[in-house]
Amino acid sequence: MNLELALRMCEAAVRQATREGALISVAVVDAGGHLIAFQRMDGARITGPVLAPGKAYTAVAHRMPTADLAELVLPGGELYGLAGDRYVCLGGGVPLGEPGDGRGTGREMREVAGAVGVSGGTVSQDVACAEAAAALWESA
């Protein structure tokens, strides 16, 4: 992960948000969950600067998309009680790295180099924008 790629990933997420009709914030973090790049579209919600980096951090910490964590943190779920502080278990966080080996949830990553987090649209819009950014990682 480097700044140039992280900035291009932010731009890809913003382009997708424009197509989706959403106003988003997007964050890219490294393997340690440290912020590399952040962009907030004009008019995006005030929650984005907290939620987007939180989604990216959560995706790195758990090596899986945050959308997959949503059910796990509900009462009775394996990770019930996890959400809070820096953990944001809503769709829109996507880890970047090598796919998992099938022993985890199926979408868990083996090695993580970073993650992208998006907030501001609907959950499906956030996921689409994060996946658009992640596509640059996969093609790099």
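# Chat about helices, cores and salt bridges

Q: Where does E11 lie?
A: E11 sits in helix α1. Helices here are DSSP runs of H or I with at least four residues, strands are runs of E with at least two, and both are numbered from the N terminus.

Q: Before we go on, what kind of model is this, and how are residues numbered?
A: It's a predicted model, where local features need pLDDT of at least 70 and side-chain atom pairs count only at pLDDT 80 or more, while totals for chains, interfaces and linings use all residues. Residues are numbered from 1 along each chain as its sequence is written, and side-chain values use heavy atoms, with hydrogens and water left out.

Q: Back to E11. Buried or exposed, or partly exposed?
A: Partly exposed, at 41% relative accessibility. The cut-offs are under 20% relative accessible area for buried and over 50% for exposed, with partly exposed in between (1.4 Å probe, protein chains only).

Q: And how far is E11 from C129?
A: Their C-alpha atoms are separated by 10.0 Å, and E11 and C129 are 118 residues apart along the chain.

Q: Left-handed or right-handed crossing?
A: α1 and α4 cross in a right-handed way. Right-handed is when the near helix is turned clockwise from the far one by less than a right angle, left-handed when it is turned anticlockwise.

Q: Which residues make the contact?
A: From α1 you have L5, R8, M9, A12, A13, Q16, A17 and E20, and from α4 there are Q125, A128, C129, A132, A133, A134, L136 and W137. Contact means heavy atoms within 4.5 Å.

Q: New topic: which residues touch the most other members in the largest nonpolar core?
A: M9, A13, I24, V26, V116 and V118, out of 21 residues in that core. A nonpolar core is a set of buried Ala, Val, Leu, Ile, Met, Phe, Trp, Tyr and Cys residues joined through side-chain atoms within 4.5 Å.

Q: Which elements supply at least two residues of this core?
A: α1 (3–20), β1 (25–30), β3 (93–99), β4 (109–119) and α4 (123–139) each do. α1 gives the most, with six residues.

Q: What else lies apart from it?
A: Another core, of six residues, including V29, A59, V112 and A115.

Q: How many salt bridges does the structure hold?
A: Two. A salt bridge is a side-chain nitrogen of Lys or Arg within 4 Å of a carboxyl oxygen of Asp or Glu.

Q: What does R8 meet?
A: R8 and E4 form a salt bridge through their side chains, at 3.8 Å, N to O. They're separated by about one helical turn because they are four residues apart in helix α1. R8 is partly exposed at 35%, whereas E4 is exposed at 56%.

Q: And what meets D126?
A: K55, with the side chains at 3.0 Å, N to O. This pair links distant parts of the chain, with D126 in helix α4 and K55 in helix α2 (residues 48–62), 71 residues apart.

Q: Are those two buried or exposed?
A: D126 and K55 are both buried.

Q: K55 also shows up around T66. What else does T66 touch?
A: T58, A59, V88, C89, L90, G91, G92 and G93, leaving out residues up to four places away in sequence. T66 lies in helix α3 and is buried, at 0% relative accessibility.

Q: Where is R63 found, and what's its phi?
A: R63 is in the loop between α2 and α3 (66–69). It has a positive phi of about 55 degrees although it is not a glycine.

Q: Last one: where is I36, and what does it touch?
A: I36 is in strand β2 (residues 35–40) and is partly exposed at 28%. It touches M1, N2, L3, A6, V28, V29 and D30, not counting residues up to four places away in sequence.
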